[in-house]
There are 2 protein chains.
Amino acid sequence: MTEERFLELVSRYLRQAPPAVRTAEEDCAVLEGGRVYRLFTADALVEGVHFRSRYFPARALGWKLAAVNLSDLAAMGGRPEGALLILGLPRPPEPPWIEDFYGGLIQALSTYGADLYGGDTVRSPVLWAGLFLFGEASRPVFRRGGRAGDLIFVSRPLGGAAAALRYLESGHDPPEPLRRCLLFPEPEIELGRLLAEEGLATAMMDLSDGLLLDLYRLCRASRVGAALEEIPIAEGATEKDALSGGEDYALLFTVPPEKARHLPRLIPERRLYRIGHLLPETGTLLYRGKPISPRGFDHFEST
Amino acid sequence: MTEERFLELVSRYLRQAPPAVRTAEEDCAVLEGGRVYRLFTADALVEGVHFRSRYFPARALGWKLAAVNLSDLAAMGGRPEGALLILGLPRPPEPPWIEDFYGGLIQALSTYGADLYGGDTVRSPVLWAGLFLFGEASRPVFRRGGRAGDLIFVSRPLGGAAAALRYLESGHDPPEPLRRCLLFPEPEIELGRLLAEEGLATAMMDLSDGLLLDLYRLCRASRVGAALEEIPIAEGATEKDALSGGEDYALLFTVPPEKARHLPRLIPERRLYRIGHLLPETGTLLYRGKPISPRGFDHFEST
């Protein structure tokens, strides 16, 4: 079974009526909450699947666990508030591991305005960690709002994490900037919030499974297609890394052409990368004028 | 390292200032939330540690995952609202497994007023499932409010889950009522809420790690001791099962003697079991007049 089919099957069990605004096929669950919307998300990392302790220090594991969840909130224009941690441990951890792991987790959470409020620790034959993150948004952006003609942007060069992984899996040290892409990704909380609150982004998501697959998902939700032109590639990464490597945690968003001129003043010191535009044909994906398949990291098919 | 020591170490990383009201050493994190308090909890079940698929059907796993989390909310007098699920799966699940697992999960959640809003599914060498549950309480009850002289109650006979586990681990079928104690425990949402809202319980928690260990924790939080007299034992269970077997998910609560006469009209058809009273000596634990140690299921020491 593919991940897409699995998600389709389980989405039947999600509440889709109020107070739920959107649950399935988004980066966060969005619930009504009075004057603001309440956002909830959850993500887990498993040893041997998402990381190896051999090259993934405990501090990086803590940071990244927070970052991938924060990135889901960023993708909807949310403000993080709090988190709960569940931890599966093969043995009682040593105090230095606890200090590093929790230190990295808290550093990432507090950098973006969230606190840890509790959780659960259990024994497990394999090390894994799951985080639940909640926050709010005054004007959440969904994947489904893109319209033909909208310009497509990403928030930074892509492929760095995939390139770093190749180094580490083959026993080599990646250059430091690539290593940081994989081990200490930066969630785009500020940018996501500004794009949402200023009403600039029509559709938005974060890039976790590779640009092509994630863009395909955005297009399907918005019932449009996409034509990609130039894409920004992280130094040391390949074009393939940038197209389908995954784990970028950059923002992918669409902006109507007439509003694109407002982008440069959002965060003046940040460059944003225009990579193409949306097409009226649902599901069509073009790269430099030619059709391309939305291949990327699929959690089940890749095994 | 013992579980207690581990919890002590990690509690340094939990936010203890507003909006947090209580985080460490409670069944839920309690946050300010305007007119009501917001409650958050998370619990996980791991194959080979908390259950074996051989005798634990997918429907029971889904139900129990919801029930153990709901029980944490019950322990503070909370009303459940919503949940997010994290699932670690060794292989893509078959549709019947999905139907059973999610069916059991949703049945338990909806029975007690909660809905599933989202989550994450990841590959994992071992099957595990974590749930994040949120809700609210108008008047949460903590573990720390017990006073010397208060009467101690449990909400139902104890030891059934431990007795059922013994049958199943030795390859035998337990009698149906015992089997239900282990596989389909009932969280005490209604009773917990009434005890809290009527202002009857001074301290409350749910029984997950065995009466003695959990009562010891309640006593420590309340800075009192306890004298146990008769305890109710589930039919087919032993006295040891009831004292330290664990996984009962009954409520343990304390009530001032002058208020105890109001208990029978809370839920007229329910019998509640008075098992002893609190003592002024912090940490003292007596059973039928003799000192007894707070041994019970410790997640780390028991390995």
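Which residue takes a positive phi in the hairpin of β2(B) and β3(B)? The views below are of a predicted model, in which local features need pLDDT of at least 70, side-chain atom pairs count only at pLDDT 80 or more, and totals for chains, interfaces and linings use all residues; side-chain values use heavy atoms, without hydrogens and water. Residues are numbered from 1 along each chain as its sequence is written, and chains are lettered from A in the order in which they are written.

**View 1. The hairpin of β2(B) and β3(B).** B:Gly34 takes the positive phi, near 85°, and two residues lie between the strands. Strands (DSSP runs of E, at least two residues, numbered from the N terminus) pair if DSSP finds at least two bridges between them. β2(B), residues 29–33, and β3(B) are antiparallel, with five bridges. B:Ala29 has B:Phe40 as its bridge partner.

**View 2. Strand β3(B) and its pairing with β6(B).** β6(B), residues 128–137, runs antiparallel to β3(B) and is joined to it by 10 bridges. B:Leu45 is bridged to B:Ala129.

**View 3. A salt bridge in chain A.** The side chains of A:Arg52 and A:Glu169 form a salt bridge of 2.8 Å, N to O. The term means a side-chain nitrogen of Lys or Arg within 4 Å of a carboxyl oxygen of Asp or Glu. Between domain 1 and domain 2 of chain A the count is four salt bridges.

Note on methods. Helix = DSSP H or I, 4+ residues; strand = E, 2+ residues; numbered from the N terminus.
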